[in-house]
Amino acid sequence: MKNVTFKVLPGEIHALVGENGAGKSTLMKILSGAYTKDTGQIFIDDKEVQIRNTHDSKKLGIGIIYQEFSLVPELSVAENIFLNKLGVTGFWMKWGNLKKRADEIITSIGFSINPSLKAGDLSIAQQQIVEIAKALSEQVKVLILDEPSAVLGPQEIQKLFNTLKKLKKEDVAIIYISHHLSEIFQIADRITVLKDGTSCGSIPVSETDRDSVIRLMLGRSLDTMYPQHESIIGEEVFKAVNISLGEKVKDVSFGVNKGEILGLAGLVGSGRSETLRAIFAADKREKGRIFLSGKELQIRSPGKAVKMGIGMVPEDRKQHGVILSLPVKENISLTDYMAITDHFGFIKAKKESINTIDLIRRLTIKAENENQEVGKLSGGNQQKVALAKWLNRDCRVMIIDEPTRGVDIGAKVEIYNLINELAQKGVAIIVISSETSELMGICDRIIVMRKGQIHGELEKQEFSEEAILRLSLGVTTN
Amino acid sequence: MNPKTGLKKYLQFIIRYNTVFIFLIMLVVSALVSDVFFTSANLFNLIRQVTPVGIISMGMLLVILTGGIDLSVGSIVAMVGVLCALFTKTVPLPIAILASLVCGLVVGSLSGYLVSVHKMAPFIATLALMSIVRGLGFIFSKGAPVLVSEDAYALTDFGSGSLLGFPNPAYVLVIVFAITAVLLKYNVFGRIVIAIGSNEEAVRLSGIKVSAYKFSVYAIAGGLSALAGIITTARTAVGSPVMGVGMELDVIATVVIGGASLSGGKGSAINTLLGVLTLGMIGNIMNLMNIPAYSQQVIKGLIIILAVLLQRFQVTRN
């Protein structure tokens, strides 16, 4: 990062946009004290300040909500919110007081979460809310949010925005980092675009539009974001009947055709991921039958699902999608060791390398070579590895949960192309996404889920953000 | 070249190959403080002493790579040692050896079953088996050492004999080491074991039967512990229920000195072998210097801390 200058005013929501690797996170880390700057100055209230470590940053009133959560799963919500004050205010835990204050903060931002619950038992969206409450438990002058909406549904995002507007009135300076331009135009006052570690200047939102921001970010216009594709849809390949999993999934049935891209929409907690995880046997389903080309399958483990030709790119890339500490080739080979080993399980090193290099080229994965650790790649390239794993085998059904979460626009387009390419080869594809526009852009058909049940189905000509939102909220059209 | 960056480079090199350096330092120190260390008699003795721990350490390495631990190994050595001695009195030697190995495999499989199928914490499952198996050793032997049958002279001859200047059991260690090293580097089994220790859920969602691999590593550790028990019995011509008390800790220590991470996913066979030799040398040299047994334990512990601190330094550096 070099010579970035930008100003945030009190009572302003300042959006920071840019592709992955543009320097947003680095800037954040400097402000939070995780990194120290080489040169440059930081001013708060016109006074120059020194941020040498995270403690300095906190004392100066800088609150940060990271993309990756920093909650302690085994502790309660209340303890997590006041984590840095535990042990400071006295030897004994004042449980009543702690819970009351935690509850107050959560209520003040428009949510309700029982402060006694363990953080680890919360949904990802709820964890995000606790994360925000934690930042607000201190007097903040500057609040930085890194992709806060990535895991929230439309309703929760709205609540988050209300909170931000409230903070704005209290003269907090807010830095909002996001890939979602629609949100930025809804909430931000000014936008700063970062590209290749430098700033392209700050523009008031009122003087610009989506397309010009995207052009600033990468010189690509919005039209090309969702590539056109001709769907050649064949007969039904996959059918799920009465999939159930406790309260989360209730009697869900649907089918997917050959070459079709089916979208699963719904708010956070509507049971989208849970349904597909139950089908893949990643979680034990209570009941439900699965058919592939009309034949019923007994899928009791992910291993069986894979064997039958079903692949799944899970929602949480870093925890479940890839193994960060292992090289690209070992991640990719994981789905199909049979192809690169002899009868005794010995690895044909050359074959493995050729196979991996081929996939690296096909997916334009930016890696030094096939031996580079996946953890050292950017988010978009990690996601490509998570996909490459499954291109490695011939899957007949592909489940892709959040194909482009936390991925920059350039890589997004490449991932969309890849999904289209798979569909064209006749793979039946099921996609989950929290971004409605993404589903509308790539899917042939969308099923909307609500409270663990299918609440409606839309054909391509019926697609509209409003229709999907109405179905996910359970509001009927007049 | 700037002398400071040159120094930094050397330092980084040393930290990276810390297991090798600790081993070399111990070697030099041993040579300096005792003039008997480098005699063939002492080296012969040293190698013979470390062989059982060395054999088990390869199994323990596999278990630790998956993120688990096996505390039952020392007890298996004792029980199998006793059983092997008893078997020699009733059945032909090859069958006695085979049956003893199977006993170890069964105990290891039991740990593996509890850990992989019932998702029991490895520490707890193997702690329970450590107690059960130790008790069984006493029950089978009625609390007294069991002499190996005189007809089984082939076993005792092998245990106490040597080939080309090296004790026979050392060749068993070399074979076990070679197989482990090859498995870890060139075989899918090793790959997946390491992957499980790195991120078990990601491996499961890739369609791999994680439980089968976890089961196997405990079974292998049990089998290798049995092998070590047979070799110990062969060397001493006695199966004793008090063999291998606290041995599990020595084995874990060697794997840790060898740079493996107890949370799994990191470790290698060659470094573990160096860890075995290092720990063996520490014991050996202290014996040569007539350091009392109690002080030996303190010093051994301190050296383990030192070795792991050096590895921590490496981690924080990255």
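Student: How are H9(B) and H11(B) set relative to each other?
Tutor: Keep in mind that this is a predicted model. The axes of H9 (residues 188–198) and H11 (residues 210–236) in chain B cross at roughly 105°. An angle from 65 to 115 degrees counts as roughly perpendicular, so that is what H9(B) and H11(B) are to each other.

Student: And how close do those axes come?
Tutor: The H9(B) and H11(B) axes come within 10 Å.

Student: Which residues in H9(B) meet H11(B)?
Tutor: Ile192(B), Val193(B) and Ile196(B) do, and on the H11(B) side they meet Val210(B), Tyr213(B), Lys214(B) and Val217(B).

Student: OK, switching to the cores. Which residues touch the most other members in the largest nonpolar core?
Tutor: Ile429(A), Val431(A) and Met60(B), in a core of 175 residues. H11(B) turns up again here, giving this core its largest share, 15 residues.

Student: What does Ile429(A) touch?
Tutor: Leaving out residues up to four places away in sequence, its contacts are Ile261(A), Leu262(A), Met398(A), Ile400(A), Ile419(A), Leu422(A) and Ala423(A). There's also a second, separate core of 50 residues, with Ala78(A) and Ile106(A) among them.

Student: Last topic: how many residues of chain B are in contact with chain A?
Tutor: 18 from chain B, against 24 from chain A. H9 and H10 (200–205) of chain B each supply at least two residues of that chain B side.

Student: What's the chain B side made of?
Tutor: Eight nonpolar, six polar and four charged residues.

Terms used: Residues numbered from 1 in each chain as written. Chains lettered and ligands numbered in written order. Predicted model: local features only at pLDDT ≥ 70, side-chain atom pairs only at ≥ 80, totals over all residues. Axes fitted to C-alpha atoms, helices over the stretch in contact; angles between N-to-C directions. Helix = DSSP H or I, 4+ residues; strand = E, 2+ residues; numbered from the N terminus. Parallel < 35°, antiparallel > 145°, perpendicular 65-115°, else oblique. Contact = placed C-beta atoms within 7 Å. Core = buried A, V, L, I, M, F, W, Y, C linked by C-beta atoms within 7 Å. Buried ≥ 20, exposed ≤ 12 C-beta atoms within 10 Å, placed from the backbone. Nonpolar A, V, L, I, M, F, W, Y, C, P; charged D, E, K, R; others polar.
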